[in-house]
Amino acid sequence: QNTVAIRNTAQMEFPLDAAIAPNTATANDIEELARTIEPVTIQGGALKTYSFAPSVSSVQILLVTDGRPLNARLELLQG
């Protein structure tokens, strides 16, 4: 199983919104991802993980702030 971990490295006062989905033929566009997936708020200093089946070869990740600088770390964990 593969996992994508998103850590908001900013201060607690600076949350970000994240959405992640498998990259499929029907979801090629990041704007489509923004319209179809409800983002999750990740507070500053927090970590959120998303797991995928080994058959998923590609994912799309959308990170959004309210206009403030974005400070985040993305990690792909395999196995």
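## Contacts of I42

In this predicted model, I42 is in contact with I6, N8, P15, L16, A18 and K48, once its neighbours within four places in sequence are left aside. I42 also belongs to the largest nonpolar core, which is described next.

## The largest nonpolar core

Eight residues make up this core, namely V4, I6, L16, A18, I20, I42, Y50 and F52. The elements that give two or more residues to it are β1 (2–8), β2 (16–22) and β4 (47–52). The largest share, 3 residues, comes from β2.

In soluble globular proteins, nonpolar side chains tend to be buried together.

Strand β3, which spans residues 40–42, contains T41. Because its relative accessibility is 46%, which falls between the limits of 20% for buried and 50% for exposed, T41 counts as partly exposed.

Not counting residues up to four places away in sequence, T41 touches P15, L16 and D17. With D17 there is also a polar contact between the two side chains, at 2.9 Å. I6 stands 35 residues from T41 along the chain, and the C-alpha atoms of the two are separated by 11 Å.

## Aromatic rings and charge

K48, one of the residues in contact with I42, has its charged end over the ring of Y50, 5.3 Å from the centre of that ring. Y50 is itself a member of the largest nonpolar core. As for pairs of aromatic rings with centres within 6.5 Å, the count comes to 0.

Conventions
Residues numbered from 1 in each chain as written. Predicted model: local features only at pLDDT ≥ 70, side-chain atom pairs only at ≥ 80, totals over all residues. Heavy atoms only, no water. Helix = DSSP H or I, 4+ residues; strand = E, 2+ residues; numbered from the N terminus. Buried < 20%, exposed > 50% of the residue type's maximum accessible area, 1.4 Å probe, protein only. Contact = heavy atoms within 4.5 Å. Polar contact = N/O pair within 3.5 Å; in protein donor to acceptor, adjacent residues only side chain to side chain. Core = buried A, V, L, I, M, F, W, Y, C linked by side-chain atoms within 4.5 Å. Phe/Tyr/Trp six-rings, centres within 6.5 Å; stacked < 30°, edge-to-face > 60°. Lys NZ or Arg CZ within 6 Å of the ring centre and 35° of its normal.
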